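Here are some short notes for a colleague opening this entry for the first time. Please keep the structure in view while reading.

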Amino acid sequence: MTIDYDKLMNYSIPEVSQRYTRRDSAFYALSVGFGQEPMDARQLRFVDPDRKNFCAVPSMAVVLGAPAFWLGEPDTGVDANKLVHGEQSIRLYQPLPAEGEVVGTTRVTSIIDKGPGKGALLYSTKTLVDAHSGKKLIDSTSTVFLRADGGFGGPTGPVRQPAPVPTAAPDMVCEFATRPEQALYYRLNGDYNPLHSDPETAKRAGFAKPILHGLCTFGVICHGLLRLLADYDAAALREVEMRFTAPVTPGETIRIEAWRNGSFRAWSVEKEVIVANNGLCKLA
């Protein structure tokens, strides 16, 4: 298979309308690790839909209004078994409602050819709007590394530059243990890629066992940012961006290190490797 640059740049990705409930918002929060500390009352507003101050986790925006795994379609020219999630960011124009109906529109914004044997980068943005008011809620931007698809004759730049990492020691740290079955819970948010559930699929992709969704790791890290930088005030979160640097295996502990300027990174405690780097969080 070979990428047709013009075709992929203009690929018709279906628009998605989605109604979600307070129960859906609570499930998402549980699927990224909220509620593991029963004595932390601040987390209850994200997992108990009966509370008056109930609210959605901002990172839930990545699963709402999301199209099916369109890069797996044969006519994209992409080797779907070799792609990995490289970067993720969200920009919130207003707090994500705890329930409602949204419309997600996804478009490819850029494709970078790194050359034969070096892969390619595909940038895309999903815009969420309120289905009734038409108000823009969130932009969710992703970078996918197409490991097997370089050399198709596309542009070689510009490549998005990541946020710098401070050289000083982090100002604050927290840790969250992921659960062995966490990917099986998280996939019920709508991401059914078998890489995260089926051992044989994981082996074909080069992994010893199913790995955690990159967007689940994103959610766990956003939980840490809410704790460290915003005292669990979901309305304070405006932008989050990060680069994925290594996969997380369900059951590992994720340590989030943050600086007062909003920079952050995350580690797998057990493997002693950085799993997300070049992070930047902006607050209202």
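This is a predicted model: local features need pLDDT of at least 70, side-chain atom pairs count only at pLDDT 80 or more; totals for chains, interfaces and linings use all residues.

1. In what sense do β4 and strand β5 (residues 136–146) pair, and over how many bridges? The two strands run antiparallel, with ten bridges between them.

2. Now turn to β3, residues 100–113. This strand is also antiparallel to β4, and eleven bridges join the two. Thr106 has Lys126 of β4 as its bridge partner. β3 and β4 form a hairpin too, with six residues between them. Gly115 sits in the turn and has a positive phi of about 110°.

3. How many of the eleven residues of strand β4 are buried? Ten are, counting a residue as buried under 20% relative accessible area. Strand β4 (residues 120–130) is therefore largely enclosed by the rest of the structure.

4. Step back to the whole chain. It has six helices and ten strands. The radius of gyration is 18 Å, close to the 19 Å that the globule rule gives for 284 residues, so the chain is as compact as a globular protein of that length. Of its 284 residues, 51% count as buried.

5. Among contacts with a separation of 6 or more, 72% come from residues 24 or more positions apart. The chain carries 31 positive and 32 negative side chains. The centres of these two sets lie 2 Å apart.

Definitions and conventions: Residues are numbered from 1 along each chain as its sequence is written. Side-chain values use heavy atoms; hydrogens and water are left out. Buried means under 20% relative accessible area, exposed over 50%, partly exposed in between (1.4 Å probe, protein chains only). Helices (H or I, at least four residues) and strands (E, at least two) are DSSP runs, numbered from the N terminus. Two strands pair if DSSP finds at least two bridges between them. The radius of gyration is taken over C-alpha atoms; the globule rule is 2.2 Å times the number of residues to the power 0.38. Contact means heavy atoms within 4.5 Å. Lys and Arg count as positive and Asp and Glu as negative; His and the chain ends are not counted. The place of a charge is taken as NZ of Lys, CZ of Arg, CG of Asp or CD of Glu.
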